[in-house]
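This report describes a predicted model.

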Amino acid sequence: MWRFVIGRLLQAIPVIFIVITATFFLVRAAPGGPFDAEKAVIPEVKAALERQYRLDLPIHEQYFAYLADLSQGDLGPSFKYPGRTINELIESGLPATAELGAYALLIAVIIGSLAGIAAALRPNTLQDYIPMSMAMIGICMPTFLLGPILVLIFGIHLDWLPVSGWGDIPGDKLMPSITLGAAYAAYVARLSRAGMLEVLSQDYIRTARAKGLPEWQVVLKHGLRGGMLPVVAFLGPAFAGLLAGSFVVETIFQIPGLGRFYVQAAFNRDYTMILGTTVFLSTLIVLFNLLSDIVAAWLNPRLRAQLSE
Amino acid sequence: MAHTDINAEKGTSLWEDAWRRLKKNRLALFGLGVLGLFVASALLTPWIAPYAYDAQNLDLGATPPSAQHWLGTDIFGRDLLTQIMYGGRISLAVGFVATAVALVIGVTWGAVAGYVGGRVDAVMMRIVDILYALPFMIFIVLLMVVFGRNLLLLFLAIGAVEWLTMARIMRGQVQALRKQEFVEAAISLGLSPMTIIRRHLVPNALGPIIVYTTLTIPSVMLLEAFLSFLGLGIQPPKTSWGLLISYGAETMEEYPWLLIFPGLALTTTLFALNFLGDGLRDALDVRRSAD
Amino acid sequence: MNLLEVQDLQVDFNTRNGHTIAVNKISFTVKKGEITAIIGESGSGKSVACYSLLGLLPQPPASIESGTALFDGRDLLTLSESELRQIRGRDIAMIFQDPMTCLNPYMTIGDQLIEPLVFHKKVSKADALARAKELLVEVGIRDPDATINNFPHEFSGGMRQRVMIAMALINEPKLLIADEPTTALDVTIQAQILKLVADLQKKRDIGVIFISHDLAVVADIADHIIVMEKGLVVEQGDSTGIFTEAKHPYTQKLLAAIPSDTKVSALHDPKPLVQVENLKTYFNTGSTVVKAVDDVSFEINRGEIVGLVGESGSGKSTIGRSILRLLPITSGQIRLDGQDLTTLDSGTLKRTRRRMQMIFQDPYASLNPRMSVYDTLAEPLLLHNIESRRTVEQAVLKLMDDVGLARAFIRKYPHEFSGGQRQRIAIGRALATKPEFIVADEPVSALDVTIQAQILDLMLDLGKQYGLTMLFVSHDLAVVRHIADRIIVLYHGKIVETGTSESLFNAPQEAYTKSLLASIPGRNRLAS
């Protein structure tokens, strides 16, 4: 098993490397520099700034210097906010995004799984149709539509919940988390329903019933392991999606998180911020995918044995 | 062929069988109908839109639905129905074109890898694995920022993301089929590889491909809308549903119809496509047609 | 005494294809201390009847319309679900056909074994594990301590079935229902499991219902036989009676379908058509090399039918496919009529393929589901320019006549036919190019017993009519003995013994051959 883990880790390294390199060159290739948008700068000051941020060096030297810094965990200084480093900025934005993401993931996995399992237990009845219709709505209504609509209903018309902020007013974390988690709850619901239905039609479920076990034991003890596998496999892509979704949700609800920083940095051509955040988030995604793959493989005894050979 | 002299009984091919099953699925038919309606409207928009695309009426400003403007107007006095129709052209176009790009690349890649097997397959799928691991959402955002919001680039970028799963599906299909005995029979008859792929492999692999294509279009449209919402996708003077939704979200307190109607258009289309895709998946499930 | 009394049981099915009566008012009894076999082909309702006793049928689409099933003084069909659960796994236990899919792949053997004990008798986990190990020894698993913590996929088919039997017997049930428990097993393993079931039954004095599609399998162990056809019981009685003087025509048909004769070869002046020399086919699977075919040499003479016999892993299918160049070989020579097939260029190979064809095992998987009968049969004729587009239809119709398919079916698709009919289409396709040599890879193993006999006769007739030379690959010795002139016995990729059918069956030389022969089911009961 360990060989599998190490092998996958090693595979992940070229990926992260490609991400860093591609991002670096892409960002540099963009027309316009970080200081062009500012009010007209005197050439000498511009040159001094460029020297300070190493922009006067040939590009491959910039690249290697960046790699060197990265290896020490230094993501570089910010252009937009002079005097502050990317690390600081990421640290300031990370807590909100992490919390938002965690709540959304919990909502997605818990509500989604419960809905999907309930639907699979009584297919083609109301217990199936209702959760699955809601899941369909969750899939077809994008986050950036659901958010404003929830705000419209609960924030403006009913005035039950605050429409912006994070941690300032009690209850202001509820709508953003639901908005972000809803689509993924929908996917998890559909996946878990399909997975459970597939497993419940297997022969070994019939064997379990023939042993006289009560239905709840049959489903929970025998059915869950296999039925939830598709959900576990989905967690990797879900994580990536949640991060992307946080861009939107943080913008709508004015949450001071990484997502919002990222979008702003993209607009402002804040090179190091874009680069740093991309590298940071991408690494997280790759690692999370790796984790999800490992857990999925571990849960399947046949794969686990194969991988240990 | 004329089998007139033997009173040949009519056979029901698997496609006919699937179509018959699909017709019984009312949700899927509803989806097909709605989709057809929207596509027809998108194609005919220049002729059937009630107002010119850029007809502004600044004195009017934003008004709720009325007899002259069925869905209301936006803050520039432009008819919302017209905006939605033109936006639909772009959103649907992106959906279909990007999916087509993904389909062509993915199916070819997967078919070759699956059929040839061996080292070629290993290399081709390793490339897919590495590309799959890249966090594409972030890259697309980056690409859009860096290279400007070029419609063509948008098609290509989205297509470049979706082809990977298509390739994996096709490869899986081809690999499974290749082991089936009727392919061995075809080889032992002496058929050339091209004929085997064309006549024996592709028709039998189409089922999941069709289903997945139908389900890719909505996710592509969502991606386009997402980018446009963030200001990174379609730019004015062109419009798309995503863009309309983002404008609507800004002014949703005073003019909620500007958010609701474009949102409804997008959501209905996505529903239609998903119902159709689910229906196709059930209808094409080969297990059901065996005895 | 009567353990189970079933009266007028009727089970209907309501599916999207319509309404069918699967079990049509049948009545039978099972006595304590006896093995009662229920025999029937597919669609007979044998499994449905037994599943309905324990409430294991999904209802809908099934519905139990009428009948009583008295067990231990209670009518099983009127019990509630919770009452039935008390009986399942405790008083009545079941084992199924495919032990791979019937055991939970995610749980250890030990966890699954102790479940019925812990649940029904509230035994502690430690005690249950101890009891489980005792049972594993009883069913013939020598190292229970190791086995307990392993997963199903780590075992062979035979061992998994032993585990299933242990799991069924752990609560000392009064009645054991076995649904085709040996159908998925190799012939020698099947013999072991049959003996195990018979021994356990005697030792514990329980009643056993043994469901099978094959009379031969139960011939030696059943005390009482019930024959079912299309939902009805057509005959029942004690075994001796059934085998010696069956009354119902269907039973007689079943008995006649069991191949029991040995072909006497009438070949004179043998000239070799196919020559295999030092054939080796090895497969590389990652870290290990599998020697599927390990230095095999033999000849097949013109007009001969050679039977290639072996269990799973013997390499018999690989040899057939190697000869037909469907697989790359590692080394060796294969000659058809003197021409070395391994060195042909693609053009010559294509032409040579006309002369050798294959009939596959699974009649559904061997036909392209999207091609009609016409398409499938015309394809080889048009490919090799044997017929033109105008003349091909007549040729297709004649082929259909030869294989016994009604001409009216020409536009139908594979899924609209039964297994036997599909195999006829496959045979027609193989014969289209009028080949000289045919490899038949388990061509009747997937068919019902009565259909098997028809298809075998068809193949023998066509063989004479077309002057065919055949390599008949099978694991079923009774079938091979009936159809082959000479037999080659394979084990782990090597030839163990060869000889004419007569000499092999009457005087086998090698130990493996002897054990294979000893494993033919029903050989004690059925006269040879």
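## An open sheet in chain C

Chain C contains an open sheet of 4 strands in the order β2-β1-β4-β5, with antiparallel pairing. Its edge strands are β2 (18-31) and β5 (74-75) of chain C, each of which pairs on one side only.

Within this part of chain C, strand β1 (residues 2-15) and β2(C) are paired in the antiparallel sense over 11 bridges. Leu9(C) has Ile26(C), in β2(C), as its bridge partner.

## Strand β19 of chain C and its partners

Strand β19 (residues 486-491) of chain C is largely enclosed by the rest of the structure, because 5 of its 6 residues are buried. How many bridges join β19(C) to strand β20 (residues 494-500) of chain C? The two strands run antiparallel and are joined by 6 bridges. Val489(C) has Glu497(C), in β20(C), as its bridge partner. Together β19(C) and β20(C) form a hairpin with 2 residues between them. In the turn, His492(C) has a positive phi of about 50 degrees.

Strand β13 (residues 305-309) of chain C also pairs with β19(C), in the parallel sense and over 4 bridges. Here the bridge partner of Val306(C) is Arg486(C), which belongs to β19(C).

## Architecture of chain A

Chain A has 13 helices and 0 strands. Its C-alpha atoms fill a box of roughly 85 × 60 × 30 Å along the principal axes. Chain A has 309 residues, of which 43% count as buried. Where contacts in chain A join residues at least 6 apart in sequence, 74% of them link residues at least 24 apart.

## Helix α6 of chain A

Helix α6 (residues 143-157) of chain A comprises 15 residues. From first C-alpha to last, this helix reaches 20 Å, close to the 21 Å expected at 1.5 Å a residue. At which residue does α6(A) bend? The bend, of about 30 degrees, is at Val151(A). After α6(A) comes Asp159(A), with a positive phi near 55 degrees.

The buried residues of α6(A) include Thr143(A), Phe144(A), Leu145(A), Leu146(A), Gly147(A) and Pro148(A). Leu150(A) is also buried, as is Val151(A), the residue at which α6(A) bends. The cover over the buried residues of α6(A) includes elements of two chains: α7 (174-200) and α10 (229-252) of chain A, and α8, α9 (241-250) and α10 (257-283) of chain B.

The contact between chain B and chain C takes 26 residues from chain B and 33 residues from chain C. Elements that give two or more residues to the side of chain B that touches chain C are α7 (181-189) and α8 (193-229) of chain B. Of these, α7(B) gives the most, with 7 residues. The side of chain B that touches chain C divides by class into 11 nonpolar, 11 polar and 4 charged residues.

Chain C also meets chain A, with 24 residues of chain C in contact with 18 residues of chain A. At least two residues of the side of chain C that touches chain A are supplied by each of α2 (81-87), α3 (99-102) and α4 (109-121) of chain C. The largest share, 4 residues, comes from α4(C). By class, the side of chain C that touches chain A has 11 nonpolar, 7 polar and 6 charged residues.

How values were computed: Residues are numbered from 1 along each chain as its sequence is written. Chains are lettered from A and ligands numbered from 1 in the order in which they are written. This is a predicted model: local features need pLDDT of at least 70, side-chain atom pairs count only at pLDDT 80 or more; totals for chains, interfaces and linings use all residues. Two residues are in contact if their C-beta atoms, placed from the backbone, lie within 7 Å. Ala, Val, Leu, Ile, Met, Phe, Trp, Tyr, Cys and Pro count as nonpolar, Asp, Glu, Lys and Arg as charged, and the others, Gly among them, as polar. A residue is buried if 20 or more other C-beta atoms lie within 10 Å of its own, exposed if 12 or fewer, and partly exposed in between; C-beta atoms are placed from the backbone. Two strands pair if DSSP finds at least two bridges between them. The expected span of a helix is 1.5 Å times one less than its number of residues. The bend at a residue is the angle between axes fitted to the seven residues ending there and the seven starting there.
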